[in-house]
Amino acid sequence: MKTLTVSVVTPDGPVLEDSFEMVSCKAESGELGILPGHIPLVAPLSISVVRLKRENGTEKLAVNGGFMEVRPDKVTILAQSAEKPSDINVQRAKEAKERAERRLQSKQDSIDFQRAELALKRAMNRINVGQ
């Protein structure tokens, strides 16, 4: 079967480069499924899971925003951060989730609610991928 070369890069360096049959992710405009031969596309990504499918299974990555560039034979994801399940400390992510929830519930004027909401989304995404 045809494959796509998928490259995931963060400011800290490359996270993954391999061949996959399909890439599924959530862009700001909605869910995207990319197969070999897809038309060229650039899309901003949401805080979400990137699913990379092969004949023998699916790999997941926790991606915290960024952009995806699609060409017919290659997908490049430029992310603010990206983690494989083996790199995620689930206990730390759960603690971050609890901290963000406490901040959102505190109703103090000094709390930046947008920042707390983003922290909560990132923590939940990491927990989802890490488990």
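Which handedness, left or right, does the crossing of helix 1 and helix 2 have? The crossing is left-handed, a term for a near helix turned anticlockwise from the far one by less than a right angle. The model is predicted; local features need pLDDT of at least 70, side-chain atom pairs count only at pLDDT 80 or more, and totals for chains, interfaces and linings use all residues. Residues are numbered from 1 along each chain as its sequence is written, and side-chain values use heavy atoms, without hydrogens or water.

The protein chain holds two helices and eight strands. These are DSSP runs, numbered from the N terminus (helices H or I, at least four residues; strands E, at least two). The order from the N terminus is β-β-β-β-β-β-β-β-α-α. The C-alpha trace spans about 55 × 25 × 25 Å along its principal axes.

Contacts (heavy atoms within 4.5 Å) involve V90, A93 and L104 of helix 1, among others, and F113, L120 and I127 of helix 2, among others.

The domain assignment, automatic or from a database, gives domain 1 (4-85) and domain 2 (88-130). Their centres, taken over C-alpha atoms, are 24 Å apart. Eleven residues from domain 1 and nine residues from domain 2 form the contact. About 820 Å² is buried between the domains, 60% of it from carbon and sulfur atoms. Buried area is the accessible area (1.4 Å probe) lost on being put together, summed over both parts. In domain 1, I47, E83 and P85 lose the most area to domain 2, together 53% of what that side buries.

Technical notes:
Buried area is the accessible area (1.4 Å probe) that two parts lose on being put together, summed over both.
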